[in-house]
Amino acid sequence: MKVLVTGGAGYIGGHMVLALRDAGHEPVVFDNLSTGFRWSVPDDVPLVVGDIGDYELMLQTLRAHSIEAIVHFAAKLIVPESVRDPLGYYLNNTVKSRSLLAAAVAAGIKTFVFSSTAAVYGNASDKPLAEDALLAPLSPYGSSKLLTEVMLRDVAAAHDMRFVVLRYFNVAGADPAMRHGQSTANATHLIKVAVQTALGMRSHMEVYGTDYPTPDGTCIRDYIHVTDLIAAHMQGLEYLRAGGESLVVNCGYGHGYSVSEVIDTVRKVSGRTFEARYAPRRDGDPINIVADSSRIRSKLNWQPRHDDLAAIVEHTLRWETMLREKNLKL
Ligand SMILES: NC(=O)c1ccc[n+]([C@@H]2O[C@H](COP(=O)([O-])OP(=O)(O)OC[C@H]3O[C@@H](n4cnc5c(N)ncnc54)[C@H](O)[C@@H]3O)[C@@H](O)[C@H]2O)c1
């Protein structure tokens, strides 16, 4: 299958490109390289450098490569940045996704997989979140993704298109074979930041909020290994190819770890001590976000293989060490 991967030069999209290639499909990457890296796209995978909001270039790309399915990862995704720059986030994530959808309709694309996020839910209770939980994003980032979900649903209803929306919880880890990992400069993801601090690349790290109503006062998240997340995308594509109806699914393991537990695990796995300073809460951070993953398990027959925080940390450590040795970090 010929699959357009928007954001395929980035962290998660890059893993998708490898998985598609491993499975004998033909990925084409479309990326403006704003946070992605040209070097991360394999030499035998076509890379179109462009913006998903460029309708003409997108339509031309879809036609020139006879694309059959789109997997849409391209987005900005830093929650506090979205609070400071909501219009920038609505433009990049929502308005430009509208343009992408318009090109997809014009090119007759029938299969669409979209990276959404648990940030569409807003502040949860202490129960795992099912897909029918209240949608009440706490940040412009979450809203920008939810609006794209809504557009996709309406477009699919009006045209000959079916979709899988995957709402990711906290994605972490790296390809166990170390072919790809997260390389973003100034990344804000907790596990990456803690690992960089353990490796001495940061003098210390910060823990935002220690007075939340959780057992140790720090926020709780459901961390999913990127390899398991990508398996969900591959199964989503197969499901649609087999004629499955449009579907929205959570991608998480169904249990969470607090920020303090993650830091302890990084200390244990790396064998290093490092300083974690307490800092005030950040705007837009929900307290406790854990997936109810029963729908993805039943509908896509998804069975995670890396549900192990220590393994996620270990893969992140190995990737970060390799980046440093090869001086790939930009
Ligand atoms: N990383 C997580 O924990 C997480 C959690 C939930 C959802 N997501 C979603 O996963 C997707 C991928 O995230 P990631 O962690 O790989 O981030 P990333 O920054 O590594 O990748 C995003 C890619 O999209 C590209 N891009 C951004 N805007 C673009 C545009 N207008 N036109 C073309 N290319 C553009 C960037 O250059 C980059 O290569 C995003 O849609 C994000 O919302 C990520």
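## Buried residues and overall shape

In this predicted model, buried residues account for 55% of the 330 residues in the protein chain. How does the radius of gyration fit with a compact globule? For 330 residues, a compact globule would have a value near 20 Å, and the protein chain has 19 Å, which agrees.

Along its principal axes, the protein chain has C-alpha atoms that fill a box of roughly 55 × 45 × 40 Å. The chain exposes about 14000 Å², and carbon and sulfur atoms supply 50% of that area.

## Helices, strands and contacts

Now look at the contacts between residues at least 6 apart in sequence: 78% of them join residues at least 24 apart.

## Charges

The side chains of the protein chain include 33 positive and 36 negative ones. The centres of these two sets lie 2 Å apart.

## Aromatic pairs

How many aromatic pairs does a search of the whole structure find? There are three. One of them is F37 with W39: their ring centres are 5.3 Å apart and their planes meet at 25°, so this pair counts as stacked. F37 is buried, with a relative accessible area of 12%, while W39 is partly exposed at 35%.

Another pair joins Y121 and F169, whose ring centres are 6.3 Å apart with planes at 40°, so the pair is tilted. These partners sit 48 residues apart and link distant parts of the chain. Y121 lies in the loop between β5 (111-117) and α5 (140-158), and F169 in the loop between β6 (162-168) and β7 (170-172). Both Y121 and F169 are buried.

Conventions
Residues are numbered from 1 along each chain as its sequence is written. This is a predicted model: local features need pLDDT of at least 70, side-chain atom pairs count only at pLDDT 80 or more; totals for chains, interfaces and linings use all residues. Side-chain values use heavy atoms; hydrogens and water are left out. The radius of gyration is taken over C-alpha atoms; the globule rule is 2.2 Å times the number of residues to the power 0.38. Buried means under 20% relative accessible area, exposed over 50%, partly exposed in between (1.4 Å probe, protein chains only). Contact means heavy atoms within 4.5 Å. Accessible areas come from the Shrake-Rupley method with a 1.4 Å probe; for residues, only the protein chains shown count as cover. Lys and Arg count as positive and Asp and Glu as negative; His and the chain ends are not counted. The place of a charge is taken as NZ of Lys, CZ of Arg, CG of Asp or CD of Glu. Rings of Phe, Tyr and Trp (its six-membered ring) pair if their centres lie within 6.5 Å; planes under 30 degrees apart count as stacked, over 60 as edge-to-face and the rest as tilted. Helices (H or I, at least four residues) and strands (E, at least two) are DSSP runs, numbered from the N terminus.
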